[in-house]
Amino acid sequence: MTVGLFIPCYVDQFYPNAGIATLQLLEKLGVDVVYPKKQTCCGQPMANSGFSHLTGGCDELFTEIFADFEYVVVPSGSCALHIKDHLHSKKQPGESKALRAKVYELVEFLTDVLKVENLEANFPYKVGLHQSCHGLRGLHLSQMTELVAPPFSKPGKLLSMVSGLELVELDRQDECCGFGGTFCVAEEAVSAKMGKDRVADHIKHGAEYITGADLSCLMHMEGILRRQKSNVKVVHIAEILNGI
Amino acid sequence: MRDHAALSEEFNKDEARVDWHDETLWFIRQKRDRAVHSIPEWEWLRETGSQIKNNVLSNLSAYLEQFEANALRNGVQVHWAADAKEHNEIVLSIMKRHQADRMVKSKSMLTEECHLNDFLAKNGIEVIDSDLGERIVQLAEEPPSHIVLPCIHKKKEEIGDLFHEHLGTAAGEADPQVLTEAARQHLRDTFLTRKVALTGVNFAVAETGEFVVCTNEGNADMGAHLSDVHIACMGIEKIIPERKHLSVFLRLLTRSATGQPITTYSSHFMKPREGQEMHIVLVDNGRSRQLGRADFRNSLKCIRCGSCMNTCPVYRRSGGHSYHTTIAGPIGAILAPNLDMKDHADLPFASTLCGSCSNVCPVKIDIHDQLYKWRQVLVKEGHVNSAKAAGMKAMAYTFANPSVFEVAGKSGRWFMKNFPALVSNKFNPWYKEREMPEPPKESFREWYSKNRKKA
């Protein structure tokens with residue numbers, strides 16, 4: 001199985017360790033991973049700001065690079081959802097449509113395609129799981145508290161395979177952290193307040209690490225934790241599952 | 001006019017108050033959760049409600065005409081208003097015909113939308129809102145901050161001060177029991193002395209020509225039954241085809257709104273009692289235009305439960321008034337641009353697109369998807385500032401050209417300057433309460449080049 005690895009632009013730039021962990025984890029699980037170096041961005045920052053008409057370049061590039069892969073794996077729920085919902089190529093419409101269905105966020109790729117049942121990882125800490133909204137309500141990585149439906153959690157299932165790891169309960173298990181793309185600067189006051197409240201919930205329940213499948217949310221919460229000089233750290237779920 | 005971001009910043013200056021507001025509304029969201037989780041068929045009810053509303057929106061004119069014919073047969077006078085102005089004039093003309101200069105009004109967000117109170121006041125008519133929350137904001141000379149809980153932004157001590165000033169309660173009295181009793185006595189006099197009562201409408205049944213008004217206080221009933229003239233005002237989307245459909249909507253409405261199984265009073269009005277006049281005013285005010293917008297027509301399914309506000313993490317931390325429109329919160333943010341795109345261009349951006357609103361919506365309106373779609377429309381129509389547009393173009397160019405991106409993005413230098421602060425005019429708003437991420441020694445792609453041979 002050959003998988004194309006898409007490392008979102010800001011992960012490439014700021015959180016290479018999450019990318020490295022994703023790559024190593026997939027390799028350990030027997031997957032042949034290719035990282036095409038021409039990749040840039042999924043286009044979501046423009047689209048969510050109302051500029052989806054400017055994402056043509058990103059869409060063409062993404063389609064050109066990834067159309068031939070059996071699967072494309074992205075360690076970000078938000079970017080994966082954007083591609084699944086919005087990717088369209090004028091030059092290769094058929095390919096881009098097919099590609100949408102081949103794109104997987106890392107966690108769902110592990111649970112749904114590779115059907116991982118055990119992992120060799122140890123993380124002896126109390127961990128709070130942040131359910132990023134696009135992964136949660138867009139990709140259904142976990143059950144949503146608003147719905148009357150049976151509970152499940154794909155990231156929770158994977159984390160339960162890690163020895164020593166203790167997941168903490170939260171008061172609000174799937175409230176948004178307030179990052180929201182350009183919302184984080186355009187609506188600075190509310191965004192920062194949402195982030196502070198989210199972080200406080202994790203701290204209150206004794207989390208030593210906050211993890212999740214989306215680094216954008218984690219970057220936002222990390223910014224708040226560091227400003228507060230907190231000892232609590234953020235870590236992408238791939239790094240825990242890979243056994244750092 | 002200050003936009004949502006500016007008004008929210010103001011609201012957030014008092015953090016303890018934000019916490020109180022957030023927790024108060026979260027408590028209602030939790031009540032809603034308990035109420036809906038107690039009935040296994042909840043998701044089926046939502047789907048059914050949504051489908052009934054699909055039928056209504058696809059056959060709206062036919063159902064409206066059927067409703068009108070049945071209402072006329074019941075002896076009700078039916079009026080059609082194309083917009084807020086016509087609506088207000090119709091109400092005024094009824095008042096004048098009866099030489100009435102005072103009105104008691106139960107909750108009606110439509111009349112808020114039409115700014116009826118102001119209009120009537122200018123024409124010498126005194127309006128007293130009989131819903132307790134509405135009466136409180138009326139005394140405070142404020143608009144409601146929430147469609148179901150109009151004074152949810154007010155603490156009981158502030159209400160005590162208002163009542164002391166207007167209703168003569170003791171200074172410093174903040175016991176809800178005492179304050180409610182004072183309001184009851186004050187309103188009882190109002191009910192007994194007003195010839196004209198105006199109510200809103202929650203559901204209008206095409207099959208029978210009746211309409212249903214849902215309240216917890218019974219104030220609509222008190223006003224309507226004691227009046228000589230009952231005027232009911234409704235948006236044209238309030239129609240449902242058959243009476244039996246109430247068995248779906250009445251279960252959905254209050255569980256979603258407050259976590260109650262049903263409102264205390266669900267009153268059916270069908271025909272005037274002997275000697276009474278009953279009027280129904282059917283108001284369009286932009287609804288036909290919204291019906292014609294394929295991406296946004298579903299917003300007309302809204303039954304005004306307010307659950308999207310209670311669950312919205314932004315609403316809870318910015319308050320209803322930050323939306324500077326009659327209907328606040330996520331649903332307001334997709335309804336308001338239809339009325340005036342320029343004035344409300346900020347509202348679809350007052351969201352993280354977290355999607356919780358769509359999940360609690362009892363009629364399954366795709367609220368967060370519509371927020372996304374409104375953003376595209378507003379940009380295309382030129383309602384965002386040019387600096388933001390220029391920044392977006394530069395970003396799109398960089399991302400579309402891998403060689404430019406690689407040079408620009410080495411070790412996060414370009415990002416430090418352009419992301420996520422790229423679209424803001426203010427000096428790095430990110431940094432105000434957050435540290436910037438620390439750029440690592442090498443990017444992933446640099447590491448990959450060194451450590452992996454292929455690609």
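Guide: Let's start with the word "domain": domain bounds here come from an automatic or database domain assignment. Keep in mind that this is a predicted model, where local features need pLDDT of at least 70, side-chain atom pairs count only at pLDDT 80 or more, and totals for chains, interfaces and linings use all residues. As for labels, residues are numbered from 1 along each chain as its sequence is written, while chains are lettered from A and ligands numbered from 1 in the order in which they are written.

A quick look at the partner chain, then chain A. Chain B is assigned domain 1 (1-30 + 293-384), domain 2 (39-285) and domain 3 (387-451). Between domain 2 of chain B and domain 3 of chain B, the C-alpha centres are 52 Å apart. Where the chains meet, 62 residues of chain A are in contact with 65 residues of chain B; a contact means that the C-beta atoms of two residues, placed from the backbone, lie within 7 Å. On chain B's side, helix α19 (residues 386-400) is the biggest giver, with 6 residues.

Now for chain A itself. Its secondary structure amounts to 13 helices and 8 strands, where helices (H or I, at least four residues) and strands (E, at least two) are DSSP runs numbered from the N terminus. The C-alpha trace spans about 50 × 40 × 40 Å along its principal axes. Among contacts in chain A with a separation of 6 or more, 75% link residues 24 or more positions apart.

Chain A splits into domain 1 (2-113) and domain 2 (126-241), with C-alpha centres 22 Å from each other. Their contact uses 24 residues from domain 1 of chain A and 22 from domain 2 of chain A. On the domain 1 side, α1 (9-14), α2 (16-28), α3 (44-48), α5 (77-86) and α7 (106-113) each give two or more residues. By class, that side has 14 nonpolar, 8 polar and 2 charged residues; Ala, Val, Leu, Ile, Met, Phe, Trp, Tyr, Cys and Pro count as nonpolar, Asp, Glu, Lys and Arg as charged, and the others, Gly among them, as polar.

Zoom in on an open sheet of chain A: 4 strands, ordered β2-β1-β3-β4, with parallel pairing. Two strands pair if DSSP finds at least two bridges between them. The edges are β2 (32-34) and β4 (103-105), each pairing on one side only. Strand β1 (residues 2-5) runs parallel to β3 and is joined to it by 3 bridges, with A:G4 partnered by A:V72. Strand β3 (residues 71-74) also has 3 bridges to β4, again parallel. There, A:V72 is the partner of A:V103, and A:V73 is that of A:Y104.
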